[in-house]
Structure formats: C-alpha cells, structure tokens
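Subject: Handing over a structure

Hi there,

Here is the structure I promised to pass on to you. Please open it first, and then read my notes below.

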Amino acid sequence: MDAARHDELLAWVSHLPQFLATALSALFQDEFGADADLRAIGGRAMREMTRLGSSPYSMWRDVALSNPEHVEQALLALEQRLSHLREILRTPALRDEFERANQFRTAALL
C-alpha cells in the first residue's frame, strides 16, 4: 500500500473515530460536567467512547499535523452524515441508515 492510500484509510478508521470520541467527550463535559445521573445511565457505549476520547492530545496533535487533508475530508463527511441523520430523524428513511451501517458490518465479517 502506498503512503497516500495508507494516510487516507487511517484518517477514516483511526483518526475519525478518535476525533469523534474526543468531540463527544468534550460535549458531555460541557453539557453535563460531573452529573452523576448521566454517568449512572451512560452504559457501555458512553464508557467506550469516552475511553477513546480521553486519549492524550500529545499523540493526536502529531496525527492532526501530519495528515490534516485526509482528516479534514473525513470530518466533513461525518458532519454531512450527521446533518443528514438529523434531517431524517423522524422519517422512515432513518431505517435506511441503519441498514447501510449493518451492510458494512456484515460485509466486514465475511
């Protein structure tokens, strides 16, 4: 695999999840701080996302500086997909998003 393809793929499978988890963790802090109720009902998804989100800045600063174009593209695509989800939240089209996500997961397991 050449270096450009490597950087592109890592932006999607490593860097994007990290920055998503970081943003979510920071959002939890801003919205809820040390709210015991949130922590009590947060469950596994919150624990895993905030575990990832607590990765050290010193490591991810270098990633952001060394691969910014691909990270920016992945973040923009995620922003657009989240906007799309918000727009279809109350429609049957939301099911399609879950089906697409399951298609990817199923194909990855084959």
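What pLDDT does the protein average? The average is 94, and 99% of the residues score at least 70; pLDDT is the predictor's confidence in each residue, from 0 to 100. This is a predicted model, in which local features need pLDDT of at least 70 and side-chain atom pairs count only at pLDDT 80 or more, while totals for chains, interfaces and linings use all residues. Residues are numbered from 1 along each chain as its sequence is written, and side-chain values use heavy atoms, with hydrogens and water left out.

Among the elements of the protein, α5 has the highest mean pLDDT (97) and α6 the lowest (90). Helices here are DSSP runs (H or I, at least four residues), numbered from the N terminus.

Now to the helix pairs. Helix α1 (residues 3–32) and helix α5 (residues 68–88) have axes that come within 8 Å and cross at roughly 50°. Axes are lines fitted to C-alpha atoms, for helices over the stretch in contact, and angles run from 0 to 180 degrees between N-to-C directions. The two helices are therefore oblique to each other (under 35 degrees is roughly parallel, over 145 roughly antiparallel, 65 to 115 roughly perpendicular, and the rest oblique). On the α1 side the contact (heavy atoms within 4.5 Å) includes Trp12 and Phe19, and on the α5 side Val71 and Leu78 are among the residues involved. By class, this contact of α1 with α5 has 11 nonpolar, two polar and two charged residues. For the classes, Ala, Val, Leu, Ile, Met, Phe, Trp, Tyr, Cys and Pro count as nonpolar, Asp, Glu, Lys and Arg as charged, and the others, Gly among them, as polar.

Helix α5 also meets helix α6 (residues 93–109): their axes come within 8 Å and cross at roughly 140°. That makes α5 oblique to α6. Arg81, His84, Leu85 and Ile88 of α5 make the contact with Ala93, Leu94, Glu97 and Arg100 of α6.

Two residues of α1 may interest you as well. Ser25 sits in helix α1 and counts as buried, because its relative accessibility is 18% (buried is under 20% relative accessible area, exposed over 50%, partly exposed in between, with a 1.4 Å probe and protein chains only). Leaving aside residues up to four places away in sequence, Ser25 touches Met49, Thr50 and Gly53. Leu27, also in helix α1, counts as partly exposed at 44% relative accessibility.

Best wishes
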